[in-house]
Amino acid sequence: MTLTPEQQAEIEAQRARTQPTFRATAPGIEAHLYRAQPVLDHGFVRVVDYMGDDAAIVQAARVSYGAGTKHVSNDEGLIRYLMRHWHSTPFEMCEIKLHVKLPVFVARQWIRHRTANVNEYSARYSILDREFYVPAPDALAAQSTVNNQGRGEVLQGEEAERVLRWLRDDAMQAYDHYEEMLSQEGQQGLARELARMNLPASVYTQWYWKTDLHNLFHFLRLRADAHAQYEIRVYADAIAAMVRDWVPAAYAAFEDYRMGGATLSSRALDCIRRMLAGEEVTQENSGMSKGEWREFEAVLHP
Ligand SMILES: Cc1cc2nc3c(=O)[nH]c(=O)nc-3n(C[C@H](O)[C@H](O)[C@H](O)COP(=O)(O)OP(=O)(O)OC[C@H]3O[C@@H](n4cnc5c(N)ncnc54)[C@H](O)[C@@H]3O)c2cc1C
């Protein structure tokens, strides 16, 4: 279960309470505020707080006194200019605080993004819930034969059933032993900080994760990408949809220049110039390695 009825009631009570403010608010993200967006089988992402909007980026870039927005089209043009020229600090004026519930193996990838403030649920202090990630059948895939760091075709038939059964049963057995080790009935009971080490990496943890928009875009560029593992990508996709509602102009620029754009080396640019001049350019005469050429071709002919 993603949220208990009590947790849902707490969220609704928080949303029912409003107060006036002089601070800038962004209607798109207000709609998401506090609500849990389900991700995977038991996970979620929810916005706990935010600061700034598209106008805050413009204000900071112009170091202005007022709200900043004279003409929306001017502001959008400025935001695109800032994104195009990697002028990143105005984007750092916007901040977002998320509450995320995620499997531990996803958290291990996520925590590598060091430019955020994190506070995680303490499994030394509290007892973890009996909640484990078990992939949906269409996410249960074989090892990729072309990419060592990826998955290939979906597992079928008896093999799929057996794998799912083991994932569920092993996790449940580990949790049964976790509870038995913690129990103080007729025994001392093992410390929570030790008992947890027997749980699988599929167990769910939770954290508050706060970052600024510049570093969030960097996270999304890497994790809402086809190269990222599916289980972290679905979180990045959920966050990306919230960011689109929060700062539509900045997100549109990010989508255009970072997600949809590509970085080309001087060699690659030289090849394009030669192609435009009518020359037949191949991997052999490009000066690029086979791998680099493959990636270059994927940029030209996606
Ligand atoms: C598809 C994919 C596969 C990956 N595979 C592996 C893997 O096999 N093994 C593995 O270990 N990791 C792996 N990673 C993690 C990856 O190497 C990065 O650690 C992770 O993506 C965080 O990126 P970052 O350091 O740019 O982000 P952040 O930590 O958020 O940093 C953002 C930027 O701040 C700057 N910065 C932050 N801290 C420092 C610092 N101390 N010194 C200098 N500059 C700093 C850098 O410019 C950095 O790019 C993988 C990531 C992806 C997306």
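This note goes through the domains, the strand pairing, the ligand surroundings and the annotated sites of a predicted model.

1. Basis. Residues are numbered from 1 along each chain as its sequence is written. Because the model is predicted, local features need pLDDT of at least 70 and side-chain atom pairs count only at pLDDT 80 or more, while totals for chains, interfaces and linings use all residues.

2. Domains. The chain is split into domain 1 (5–133 + 202–259), domain 2 (135–200) and domain 3 (266–300); the bounds come from an automatic or database domain assignment. Between the C-alpha centres of domain 2 and domain 3 the distance is 46 Å.

3. Strands. Helices (H or I, at least four residues) and strands (E, at least two) are DSSP runs, numbered from the N terminus. Two strands pair if DSSP finds at least two bridges between them. Strand S3 (residues 95–103) pairs with strand S2 (residues 43–51) in the antiparallel sense over seven bridges. In this pairing, Asp49 is opposite Lys97 in S3. S3 is also joined to strand S7 (residues 204–212) by nine bridges, again antiparallel. Here Lys101 faces Gln206 in S7.

4. Ligand surroundings. Which residues surround the ligand? They are Arg112, His113, Arg114, Thr115, Asn215, His218, Leu222, His227 and Ala228, where a residue is near a molecule if its C-beta atom, placed from the backbone, lies within 6 Å of it. The shell has two nonpolar, five polar and two charged residues. In this scheme Ala, Val, Leu, Ile, Met, Phe, Trp, Tyr, Cys and Pro count as nonpolar, Asp, Glu, Lys and Arg as charged, and the others, Gly among them, as polar.

5. One annotated set. An unreviewed UniProt entry gives "binding site" for Thr89, Arg112, His113, Arg114, Glu120, Asp212, Leu213, His214 and His218. These residues are spread over 130 residues of sequence and also in space, up to 27.4 Å between C-alpha atoms. UniProt positions are given in the numbering used here, feature names are shortened, and annotations may be inferred rather than shown by experiment.

6. His113 and Arg114. His113 lies in the loop between helix H5 (104–110) and strand S4 (117–120), and Arg114 is in the loop between H5 and S4. Are they buried or exposed? His113 is partly exposed because it has 16 other C-beta atoms within 10 Å, whereas Arg114 is exposed, with 7 C-beta neighbours inside 10 Å. The cut-offs are 20 or more other C-beta atoms within 10 Å for buried, 12 or fewer for exposed, and partly exposed in between, with C-beta atoms placed from the backbone.

7. Another annotated set. UniProt (unreviewed entry) also places "binding site" at Gln109, Trp110, Ile111, Arg112, Glu120, Tyr121, Ser122, Ala123, Arg124, Arg196 and Arg223. They span 115 residues in sequence and the farthest two C-alpha atoms are 29.3 Å apart, so they do not all gather at one spot.

8. Trp110 is part of helix H5 and is partly exposed, with 19 C-beta neighbours inside 10 Å. Setting aside neighbours within four places in sequence, Trp110 contacts Leu102 and Ile232; contact means C-beta atoms, placed from the backbone, within 7 Å. Ala123 is in the loop between S4 and strand S5 (141–143). With residues up to four places away in sequence left out, Ala123 touches Leu128, Arg192 and Arg196.

9. Glu292. Glu292 belongs to helix H13 (residues 290–300). Glu292 is 24 residues from Ala268 in sequence, and their C-alpha atoms are 9.2 Å apart.

How values were computed. Contact = placed C-beta atoms within 7 Å.
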